[in-house]
Amino acid sequence: MAQDATVTWLTQDAYDRLAAEVEQLSTTGREEIAKRIEAAREEGDLKENGGYHAAKDEQGKIEARIRQLKGLLKSAEVGEAPASKGVVESGTVITAVIAGDEETFLIGSREIAGDSELDVWSEQSPLGAAILGLKVGDKTSYTAPNGREIAVEVTAVDTWGGQ
């Protein structure tokens with residue numbers, strides 16, 4: 001599993017789901033927003049046309065999402081979830097005691113988890129970066145964005161099953 005910051009690990013299911021989203025946004029999504037913009041333009045004065053401005057904002061969001069997904073898919077490493085070897089790596093489910101509370105979460109991209117209720121922490125987040133490469137039983141700490149030092153103990157590392 002590559003740990004390069006520009007590579008995102010995805011399951012084949014996640015990759016296919018995101019590719020379908022890009023296709024939908026690039027075709028139907030763009031067509032629908034173009035029609036909304038044109039309809040709002042025909043209403044007259046664009047300075048005070050709330051519908052026009054809302055549609056243009058939506059168009060910007062769609063284009064940003066398309067760029068984000070294309071970049072993600074271009075740099076994605078597609079494969080099965082790594083079999084747990086007891087080491088924290090991208091695509092594994094971690095149980096850890098963080099500041100005294102036990103939490104279970106996935107390390108990787110939010111896109112991996114899809115509709116799962118499982119929390120996801122990026123490998124680049126302060127927590128993710130601090131525990132990457134640790135084994136069950138290892139302890140460390142990381143500095144939270146608010147400057148507080150937070151203690152972490154890895155208690156389990158499991159294979160992501162897509163749940």
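## Strand pairing

Tyr142 stands opposite Ile150 in β7, and this belongs to the antiparallel pairing of β6 with β7, which extends over five bridges; strands here are DSSP runs of E with at least two residues, helices are DSSP runs of H or I with at least four residues, both numbered from the N terminus, and two strands pair if DSSP finds at least two bridges between them. The model is a predicted one, in which local features need pLDDT of at least 70 and side-chain atom pairs count only at pLDDT 80 or more, while totals for chains, interfaces and linings use all residues. Residues are numbered from 1 along each chain as its sequence is written, and side-chain values use heavy atoms, with hydrogens and water left out.

The hairpin of β6 and β7 has five residues between its strands, and in it Gly147 takes a positive phi near 95°. Strand β7 (residues 149–159) also pairs with β3, again in the antiparallel sense, over seven bridges, with Thr92 opposite Thr159 in β7. On β3 (residues 92–98) there are also six bridges to β4 (residues 101–107), which runs antiparallel to it, and Ile98 has Asp101 of β4 as its bridge partner.

## The sheet as a whole

These strands belong to an open sheet of five, in the order β5-β4-β3-β7-β6 and with mixed pairing. Because β5 (119–121) and β6 (139–143) stand at the edges with a single partner strand each, one side of each is left without a neighbour in the sheet. From one strand to the next the twist averages 45°, where axes are lines fitted to C-alpha atoms and angles run from 0 to 180 degrees between N-to-C directions.

Leaving aside neighbours within four places in sequence, Ile112 is in contact (heavy atoms within 4.5 Å) with Trp9, Leu10, Ala14, Arg17, Leu106 and Trp160.
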